Amino acid sequence: MNKHESFMTRALELARHAESRGEVPVGAVLVLGEEIIGEGWNQPIGRHDPSAHAEIMALRDAGQRQQNYRLPDSTLYVTLEPCPMCAGAIVHARVSKVIFAAADPRTGAAGSVFDLLPSDERFNHRTEVDGGVMADESARLLREFFRARRR
């Protein structure tokens, strides 16, 4: 297992944690160097907070741990392509790179629907993006979750 798969595996564990609490199974970890500095999972239902996406929660956790709202040179691993709200937070936090598993054909902001990461040149910060790391496992987890909810 390479380092990207290792960090994405942790993000998938957090996604399963979200699922166990009735949330859409998305997890995220923020890494600086080789160390996880922030973790998050989807919590908007339980927290009654529409901004409590996995990415936002990981950024909040890292900001508290680092005592800084800027997180330069960090890499965010997330099980689903970030939405526009999360893309904005990623840019404001100065995250250097986003690695996501499954593409989001409905609200993805890293190339699927919107192209906010990395190509929007109007931002004062550019974030590198790589998608598809462990995409099958993440997509399967999401499909099974929504299939079960429809029943």
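Is proline 25 buried or exposed, and what is its relative accessible area? Proline 25 is buried, with a relative accessible area of 1%, where buried means under 20% relative accessible area, exposed means over 50%, and partly exposed lies in between (1.4 Å probe, protein chains only).

The model shown in every view is predicted, so local features need pLDDT of at least 70 and side-chain atom pairs count only at pLDDT 80 or more, whereas totals for chains, interfaces and linings use all residues. Residues are numbered from 1 along each chain as its sequence is written, and side-chain values use heavy atoms, with hydrogens and water left out.

**View 1. The whole protein, with its 5 helices and 5 strands.** Helices (H or I, at least four residues) and strands (E, at least two) are DSSP runs, numbered from the N terminus. Read from the N terminus on, the elements follow the order α-β-β-α-α-β-α-β-β-α. The C-alpha trace spans about 45 × 35 × 30 Å along its principal axes, and 46% of the 151 residues count as buried. A compact globule with 151 residues would have a radius of gyration near 15 Å, and the 14 Å of the protein agrees with this; the radius is taken over C-alpha atoms, and the globule rule is 2.2 Å times the number of residues to the power 0.38.

**View 2. Proline 25 in the loop between helix H1 and strand S1.** Helix H1 covers residues 3-20 and strand S1 covers residues 27-32, with proline 25 placed in the loop between them. The C-alpha atoms of proline 25 and glutamate 13 are separated by 9.4 Å, although the two residues are 12 residues apart along the chain.

**View 3. The salt bridge between glutamate 13 and arginine 10.** Side chains of opposite charge can pair when their charged atoms come close. A salt bridge is here a side-chain nitrogen of Lys or Arg within 4 Å of a carboxyl oxygen of Asp or Glu, and the structure holds 7 of them. In the pair of glutamate 13 and arginine 10, the closest N and O atoms are 2.9 Å apart. Both residues lie in helix H1, 3 residues apart, which is about one turn of the helix. Glutamate 13 is partly exposed at 40% relative accessible area, and arginine 10 is also partly exposed, at 28%. A network of salt bridges links Arg10, Glu13 and Glu39.

**View 4. The salt bridge between arginine 16 and glutamate 137.** The closest N and O atoms of this pair are 2.5 Å apart. Arginine 16 lies in helix H1 and glutamate 137 in helix H5, so the pair ties together parts that are 121 residues apart in sequence. Arginine 16 has a relative accessible area of 36% and is partly exposed, while glutamate 137, at 27%, is partly exposed as well.

**View 5. The salt bridge between glutamate 34 and lysine 3.** Here the closest N and O atoms are 3.5 Å apart. The pair links distant parts of the chain, 31 residues apart, with glutamate 34 in the loop between S1 and strand S2 (35-41) and lysine 3 in helix H1. Glutamate 34 counts as exposed at 57% relative accessibility, whereas lysine 3 is partly exposed at 40%.
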